Amino acid sequence: MDLSETSVFIVDDDELVRDLLEELIKSVGLKVESFSSARTFLDIVKRPDNPCCLVSDIRMPGLSGLDLQQELLNRGILIPIIFITGYGTVPMSVRAMKSGAVDFLQKPFENQELLDIIHQALDKDKKTKLQQLEISKIEQGLKSLTKREHEVLQLVIKGRLNKEISNRLDMSESTVKSHRRHIMLKMDITSLAELARLMEKYEIYSRLN
């Protein structure tokens with residue numbers, strides 16, 4: 001996964017608005033792709049590897065911006081969305097924000113306001129993807145452990161000494177040390193403190209998801 005590149009997607013049925021938004025966003029060095037409808041965007045979109053965000057109109061023929069948001073959620077595609085509209089209502093805004101939209105901008109808005117929100121959305125998505133990378137690495141390490149190594153791991157992160165683990169699992173201390181070495185290698189870590197930090201982060205992530 002390459003986190004160095006960022007992308008901004010624009011979905012708006014108004015060609016003039018698309019062109020203006022594209023010119024504005026490109027002016028600060030960001031990569032932009034624009035689409036004339038929600039359906040066109042959905043036909044090509046996949047789970048993006050790079051940090052990205054979506055700037056979408058609310059009211060469009062066919063699928064609305066809110067319909068697009070829901071369809072992305074249904075597909076498990078998490079893209080920070082910034083809604084823009086000239087005809088927004090409070091219920092629309094509430095629904096959009098409850099479903100995870102980054103912001104809901106009423107036209108007319110200042111160009112810098114939109115650019116600031118876009119950068120906030122991209123920073124948020126980058127942090128999310130970095131966290132997902134770390135969690136994925138932890139999961140791969142855990143899957144590679146044997147059943148015995150998992151048992152040793154649970155006692156190690158509870159602060160048990162080798163002698164205590166040896167007595168609890170009915171194995172020699174040398175075997176415990178061997179399992180600990182294998183755990184460190186498979187989890188790609190070098191210290192007990194790092195192991196504890198990773199497992200704490202993984203447990204917190206698992207509870208929230």
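## Pockets and cores of a predicted model

The lining of the second largest pocket divides into six nonpolar, two polar and five charged residues. Here Ala, Val, Leu, Ile, Met, Phe, Trp, Tyr, Cys and Pro count as nonpolar, Asp, Glu, Lys and Arg as charged, and the others, Gly among them, as polar. The model is predicted, so local features need pLDDT of at least 70 and side-chain atom pairs count only at pLDDT 80 or more, while totals for chains, interfaces and linings use all residues. Residues are numbered from 1 along each chain as its sequence is written, and side-chain values use heavy atoms, with hydrogens and water left out.

### The two pockets

A pocket is an open set of points on a 1 Å grid over the protein atoms alone, where a 1.4 Å probe fits, with protein on both sides within 12 Å along at least five of seven lines; its lining residues have an atom within 4 Å of a point. Its volume is the space filled by probe spheres set on the points, which are joined across faces, edges and corners.

| Pocket | Volume | Lining residues | Nearest the centre |
|---|---|---|---|
| Largest | About 470 Å³ | 22 residues | Ile 77, Leu 78, Ile 79, Pro 80, Asp 125 |

In the largest pocket, the elements giving two or more residues to the lining are α3 (65-74) and α5 (111-143). Helices (H or I, at least four residues) and strands (E, at least two) are DSSP runs numbered from the N terminus. The largest share of this lining, five residues, is supplied by α5. By class, the lining of the largest pocket holds 11 nonpolar, six polar and five charged residues. For the second largest pocket, β1 (7-11) and β2 (31-35) each provide at least two lining residues.

Ile 79, one of the residues nearest the centre of the largest pocket, is placed in the loop between α3 and β4. Ile 79 counts as buried because its relative accessibility is 10%, given that buried means under 20% relative accessible area, exposed over 50% and partly exposed in between (1.4 Å probe, protein chains only). Leaving aside neighbours within four places in sequence, Ile 79 is in contact (heavy atoms within 4.5 Å) with Phe 41, Val 45, Pro 48, Cys 52, Cys 53 and Leu 54. Its C-alpha atom is separated by 8.9 Å from that of Gln 69, 10 residues apart along the chain.

With a relative accessibility of 47%, Asp 49 counts as partly exposed. The C-alpha atoms of Asp 49 and Glu 194, 145 residues apart along the chain, are separated by 26 Å.

### The nonpolar cores

A nonpolar core is a set of buried Ala, Val, Leu, Ile, Met, Phe, Trp, Tyr and Cys residues joined through side-chain atoms within 4.5 Å. The largest has 22 residues, and those with the most contacts inside it are Phe 41, Leu 54, Leu 68, Leu 72 and Phe 83. At least two residues of this core come from each of β1, α2 (38-44), β3 (52-57), α3, β4 (81-85) and α4 (90-98). Apart from this core lies another, of 20 residues, including Ile 25, Val 55, Phe 109 and Ala 121.

### A buried charged residue

Glu 22 belongs to helix α1 (residues 15-26) and is buried, with a relative accessible area of 18%. Not counting residues up to four places away in sequence, Glu 22 touches Ile 10, Val 32 and Ser 34. The side chains of Glu 22 and Ser 34 make a polar contact (3.0 Å). Such a contact is a pair of N or O atoms within 3.5 Å; within protein, one must be able to donate a hydrogen and the other to accept it, and residues adjacent in sequence count only if both atoms are side-chain atoms.
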